[in-house]
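Dear colleague,

Please read the notes with the structure open.

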Amino acid sequence: MRAWPPGIVAAVAVAALAACGDDGGAPPDADPTAVTTAHCEYVPVAATAGSGGTVTAGALEAGAADVVLRVPVGTALGGYTSRAGAAGNAGVVDERDPRISDGFNASIGVESAPRVKALALTAGGETVIILKLDAIFVYEEMVYDLEDRLGAAYHGKILVTASHSHSAWMQFTRHSVLIGGGGNYRDHVYRGFLDSMEDAARAALAAQRPAKIGFAVDDAFDLDDQINRDRRGENDDLPGGDRAEDRLVLVRVDGTDDVPIAIMTIFGEHGTLMDDVNPMASTDAPGAIERVMEQQFDDHVVVMHVQSAGGDTSPVGHGDLDCGLAPGDPDDPCLPFAKLEGHGRAAAPTLMAAWQAAGATMDGSIELEMLTRSIELGPKPETFTTRDGALAYAPFDLTRQADGVVYDGSGALISPIDEFNAPVGVALCETAEPTFPAGQMPGTSGLVPYGGCVRLDVATEVLGALLKLESEVDATHVACQTTRTSMSALRIGDYVLGTLPGEVTRLIADDVRAHSPVDDAHTVVVGYAQGHVGYILEPEDWLKGGYEPSITFWGPLEGAYLVDRLADLMPLAMTPAREDGTADGTDRVDFAPYTDDFPIDDPAPMAGTVPATVDADLWVRGGLPAQAQPAAQVPRVGGIATFVWNGDDPVVAMPVVTLERETSPGVFAAVTRRNGAPVQDGDLLVEYTPSPLRRGSASDPQRHVYAVEWQAVPWLGAPGLDDLADRGGVPLGRYRFHVVGATWTLDSDPFEVVAGGVTASVARAGAVLTATVQLDAPRGWRLLDLAAPSNRPVPVRGQDVTVDLLDAGGAVLDSRTLTTTAAGQVSVDDPDVVTATRARFTDRFGNAVTVTL
């Protein structure tokens with residue numbers, strides 16, 4: 001998560017000095033004994049369901065489900081503070097009213113709909129549910145609220161993990177520090193998440209049937225960095241630090257009839273291929289892996305990418321666009337969605353090999369047990385004592401100057417650590433120099449990264465005012481959500497899955513496996529799960545500085561402390577007894593009910609109708625369309641069909657748009673993928689604009705105008721056309737868009753997909769004609785090639801092309817079919833080249849272009 005990037009820090013530094021002074025001294029109320037959690041509300045954690053019994057192997061039943069999150073467009077996207085209106089304006093497209101997003105820029109559409117996926121497992125009298133959210137992180141209250149909704153049998157039995165997409169909805173958390181990465185809490189958003197999670201969990205339970213499960217573990221995963229790469233160079237000199245995520249665990253769940261049910265791909269990678277300029281909701285890199293993997297099967301298989309050591313690992317994109325203007329410029333449709341699909345395609349062969357390997361380990365009878373525990377975090381410094389007491393903090397005391405000595409003569413850390421001195425926690429620990437001098441810990445100037453740390457009371461005061469964030473933090477009041485977090489241990493047969501509540505780094509994952517009750521091969525580390533504390537680093541890694549320590553709140557010992565607590569919990573999952581996971585834990589944070597106060601149009605004016613003219617303020621990625629209905633004809637490859645309509649207020653209902661194709665005169669049916677799913681998001685872009693952009697007053701309704709775009713190339717999972725070499729072959733015929741609203745449906749006018757998209761450049765030298773045949777989609781966004789930019793001419797590589805030499809009257813002088821080179825070239829050496837006036841090039845799908853010689 002890139003909550004407070006360096007550029008934002010620089011932007012607010014002046015404001016910090018103005019607000020807080022610059023002497024770096026202790027505030028008047030610096031007495032650490034005055035720090036209180038009395039303003040925080042805590043409630044007991046319900047005892048683990050089934051505790052007191054015995055773990056026995058039993059026949060496995062499994063079910064899975066996939067539900068689109070019911071969250072309105074206009075909600076802020078999470079992960080980048082630079083999307084805040086006062087802190088960079090990344091992703092802004094117009095002056096629309098941020099009624100939901102408030103201090104952050106509103107999202108304006110959907111590229112790939114964020115989802116919640118669920119896998120329910122039952123064996124030996126135990127039922128557990130694993131849910132994966134497309135979200136920047138997990139808010140731990142979601143876990144406990146979902147347990148309560150499903151009933152007492154699920155207390156301690158629900159594991160929630162996040163994809164960490166930086167283009168997914170946020171505003172679901174009441175963590176008063178982490179809201180700096182995506183805006184204030186909105187109850188509509190939280191309820192949308194929770195309702196969707198409940199729907200997915202219940203659907204997975206209802207779908208359960210006799211099943212078997214297998215694991216594949218690859219400890220030499222992606223060593224050539226084709227899927228992910230190391231993003232943290234600061235720790236390269238630490239043992240094991242100079243590597244990307246190199247461990248893959250794949251969990252395969254099939255029915256006993258050998259029909260696949262679900263797949264979990266477990267490895268770490270950030271969801272950051274789209275970067276902060278993207279204003280559209282997207283599942284980003286993890287979702288792309290899921291979508292491509294799902295289309296490797298003829299049946300509907302729920303694929304869940306589960307994060308592991310993603311904290312210091314970035315995804316690798318393949319294929320991109322050539323941006324003529326600045327990325328994200330509203331006048332340039334250069335949002336790099338193409339490289340998402342390229343990422344998924346690059347990963348699929350490795351993941352399918354692991355799926356095949358897991359097939360050799362399938363077991364239909366397993367032991368199953370899960371425990372969840374709430375643990376204490378700040379503000380007591382003694383809580384973080386770790387490594388059997390070898391490392392500890394000195395008491396917090398802002399009147400004390402640090403001695404500045406971090407390591408002893410052997411290079412080991414000196415304990416107790418007096419440099420970390422923060423009664424309410426810190427942030428921005430990145431460099432040796434102070435960012436906001438008023439919030440610096442005493443005596444740390446010049447020390448990496450202590451010198452860059454800013455006490456949270458100062459950081460939240462400055463950033464809160466700038467970004468319109470709501471926080472309870474001051475010099476004596478800690479952020480309540482930084483005082484507790486949750487973790488779980490799940491046994492599946494001989495394997496134990498241990499969760500950590502944040503951005504797990506590789507060295508932390510190694511440490512967890514070293515402290516596991518089972519061997520390394522049978523220990524699975526799950527990150528971004530059950531809560532969120534920011535980045536999780538080893539003490540030695542934290543002290544290297546860099547970006548990752550800047551989003552931590554309790555200093556260098558927090559990561560090792562979390563490993564200790566998980567090491568306490570995991571063995572309980574592997575014993576024959578069913579223990580109560582809460583027994584050695586603590587209570588959890590709770591919050592009073594919250595009511596949103598933004599206006600909602602229900603019903604929305606003119607919902608379910610097509611406007612006679614297109615509003616000038618309408619934002620569409622490909623530019624303002626001339627009309628609301630699609631053009632009558634749309635050529636293959638570069639052609640884009642666009643449809644505009646008036647819909648519901650997105651807070652009431654988001655539209656569901658499906659591509660349909662005419663199957664007989666006047667009869668249309670949904671276009672489907674290989675696995676039978678309809679073509680919707682991921683291939684269709686849905687964009688939203690309120691009209692007018694800003695309300696005159698809260699009582700003035702707005703029209704809610706939507707647009708959908710489809711580029712005429714084969715959809716992901718198109719049967720027989722899913723290779724990139726098939727991009728020119730989308731089936732010809734008549735199509736339309738079908739829209740489902742809250743209480744209405746709407747169909748666009750039909751449009752006809754016709755041949756097109758091929759271009760050629762030629763050179764003639766005597767009797768030799770050399771041509772380069774290409775596909776061209778200058779305003780497109782879909783992936784055409786893994787190497788060349790997909791919005792520039794892309795060579796038709798290694799395919800048959802028919803070359804016709806024509807005379808002035810159009811008669812064919814010579815016709816031959818040739819195979820293009822890897823550069824898309826063909827050559828004709830024939831006397832007719834001399835007399836020909838034109839050449840026609842036709843690809844294997846019948847797309848043709850004629851070029852004058």
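Predicted model: local features only at pLDDT ≥ 70, side-chain atom pairs only at ≥ 80, totals over all residues.

How much space lies in the largest pocket? About 600 Å³ lies there, a volume being the space filled by probe spheres set on grid points that are joined across faces, edges and corners.

Residues are numbered from 1 along each chain as its sequence is written, and side-chain values use heavy atoms, with hydrogens and water left out.

The largest pocket is lined by 28 residues, and Val68, Leu69, Met654, Pro655 and Val656 lie nearest its centre. This lining divides into 19 nonpolar, 4 polar and 5 charged residues, where Ala, Val, Leu, Ile, Met, Phe, Trp, Tyr, Cys and Pro count as nonpolar, Asp, Glu, Lys and Arg as charged, and the others, Gly among them, as polar.

The second largest pocket has a volume of about 500 Å³. Of its 33 lining residues, Arg115, Arg291, Arg673, Asp681 and Gly682 are the closest to its centre. Its lining divides into 13 nonpolar, 7 polar and 13 charged residues, and α4 gives the largest share, 6 residues; helices (H or I, at least four residues) and strands (E, at least two) are DSSP runs, numbered from the N terminus.

The structure also holds 9 cavities of 30 Å³ or more, and the largest cavity, of about 100 Å³, has Arg96, Asp97 and Arg99 among its lining residues.

Four strands form an open sheet of mixed pairing in the order β16-β19-β20-β22, two strands being paired if DSSP finds at least two bridges between them. β16 (368–376) and β22 (523–526) stand at the edges with a single partner strand each, so one side of each is left without a neighbour in the sheet.

Finally, Gln307, in the loop between β13 and β14, is buried at a relative accessible area of 0% (buried means under 20%, with a 1.4 Å probe and protein chains only).

With best wishes

Note on methods: Buried < 20%, exposed > 50% of the residue type's maximum accessible area, 1.4 Å probe, protein only. 1 Å grid on protein atoms, 1.4 Å probe; cavity = no way out; pocket = protein on both sides within 12 Å on 5 of 7 lines; lining within 4 Å.
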